[in-house]
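Subject: Handing over the two-chain model

Hi,

Here is the structure I promised to pass on to you. Have a look at it first, and then read on for what turned up.

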Amino acid sequence: MVELGPAPGIRPRPSLWRRLDSLARAAFPVVCTVLLLLLCNAPFGIPDQTTLAPAVAVVSVFFWTLFRPAAMPALAVFGIGLLLDLLGWLPLGAGVLTLLTVHAVCLRLRRGLARQGFLIIWAMFAAIAAGAAALTWLLVGLLELRLLPMAPALFQALLTTSLYPALAIPFALAHRELAAPEQA
Amino acid sequence: MIRLSLPLRQALAKLTLPVLFAVSFGVVLLGRLDVQVGERARSSLADALAPVYAAMAGPLGAVRAGLGGMTGVFSAETENARLAAEITRLRHWQAVALALAAQNRSLKAALHWVPSPAPEFVTARVVADAGGLYARAMLLSTGPNHFVRKNQIVLSDGSLVGRITEIGSRSARVLLITDLNSRLPVLLVGGHGRAILAGTNGPRPRLIFWSGTAPREGEQVVTAGIAAGIPPDLPIGVVHYTAHHIPEIVPNADLDRLDTVQIVSGGVDAPAVSTPSGAGPG
């Protein structure tokens, strides 16, 4: 694909290929998240592998809501949450509500947070990840009517926080190149 | 395409999130009211993914085995010594077992013992962890036209690992004995007491509600066979007391590394399952 700079002014005519290209770029965050979720459930045989998918979902929803909210609309977040519930065998709705909450909080914080440096965003993300893990724990406990052990929720929060840099760096590269519809 | 005015579009955009929150509460309610809906959705998703994961399992297993082999090189010497010691110990037990088997045979012959039927089983490959955050379960690829039914018992190397809880057209989910929701009547072999084996989501399930004397450390635990569909006397594990004096079971099967498992299709009280071969071994 020929790369054209995002120069203001005269733009090439929106041909079919150009429109497909810009559509693919706009769909990249959601498609990428869904594929990552499916990959997280593949039989790698990693211990505690099941904590990986919710962590990836939270990182993904947070990052794209913060930096490219147009490519991570609420409806897509809903779909990703539903997929998470079905894949992760959570009670229906627990993952959906958690991810929608992350999305809503992130939209609220967006204006101030998006301009901050990496470390401040990461620290903020740690708080959100802890909140998300606690919310999932609470929702699953409420829906299954039992007190669940706290340890998995704690581990979940830690894993999600530590996974952030590993995913945010490739996401940031994609944010500038692959997922930028203005470069189509 | 309908052209909407800018303020209307902005108002609609603001409404999306609250509406979606309301819809997700609806989803929660639906999942609570009708368990079938969620189960069917999960099963069809699992059915779609099971062949893909089964195809991935081969190469991924090879990679894992290769990595395991590389780290195994460093511990080969200590591993050899450990295995040699274990072989000596097991030779002794083999002699004891053979003598006891012969004695058992002759005693059974003298008593005109009616043997319980040997369980029939089918073997399936484990394709994915189906546990999630707060459950311990796994997904089996059963292939189309399987004869797997709900509540059937799943074994690995002759030891019990769990029961079938959900079935799709080409996959099945096994709830492991370590899951928080797993409850199983068991028999303590030494004292002939009965107990309930309850999962905790940890690696070792607990014994609760035992009858008679308390379970002894190192005692064998087998299935009690009083619940429908569970054949009796299938080994599960060995009793072990924690530091807080809670009796736990160390499962015989390595529940974290299961590749293939056997699904027992017939039991004492189980409804007869029609296998292609008909009667099967008696």
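Strands pair here if DSSP finds at least two bridges between them, and the elements are DSSP runs numbered from the N terminus, helices being H or I with at least four residues and strands E with at least two.

Before the rest, some housekeeping. This is a predicted model, in which local features need pLDDT of at least 70 and side-chain atom pairs count only at pLDDT 80 or more, while totals for chains, interfaces and linings use all residues. Residues are numbered from 1 along each chain as its sequence is written, and chains are lettered from A and ligands numbered from 1 in the order in which they are written.

Back to the strands of chain B. B:Ile153 has B:Val264 as its bridge partner in S12(B), and B:Leu155 has B:Gln262. S12(B) is also joined to S1(B), antiparallel, by 5 bridges; there, B:Val264 is the bridge partner of B:Phe121. These strands belong to a barrel of 6 strands, closed in the order S1-S2-S5-S4-S3-S12 with antiparallel pairing. From one strand to the next the twist averages 45°. Helix H2 (residues 35–74) of chain B packs on the sheet, where it touches S1, S2, S4 and S5 of chain B, and its direction makes about 90° with that of S1(B). Angles run from 0 to 180 degrees between N-to-C directions, with axes fitted to C-alpha atoms, for helices over the stretch in contact.

Chain B is divided into domain 1 (6–33), domain 2 (75–113) and domain 3 (120–270), with bounds from an automatic or database domain assignment. The centres of domain 1 and domain 3 of chain B, taken over C-alpha atoms, are 42 Å apart.

Now the interface: 32 residues of chain A are in contact with 31 residues of chain B, contact meaning C-beta atoms, placed from the backbone, within 7 Å. On the chain A side, H3 (74–87), H4 (94–113), H5 (118–144) and H6 (151–176) each supply at least two residues. H3(A) gives the most, with 5 residues. That side of chain A divides into 23 nonpolar, 9 polar and no charged residues. Nonpolar covers Ala, Val, Leu, Ile, Met, Phe, Trp, Tyr, Cys and Pro, charged covers Asp, Glu, Lys and Arg, and the others, Gly among them, are polar.

As for confidence, the model scores ipTM 0.81 and pTM 0.78. Over residues 267–282 of chain B, pLDDT stays under 50. Where pLDDT is low, the predicted coordinates should not be read in detail.

Best wishes

How values were computed
Contact = placed C-beta atoms within 7 Å. pLDDT = per-residue confidence, 0-100.
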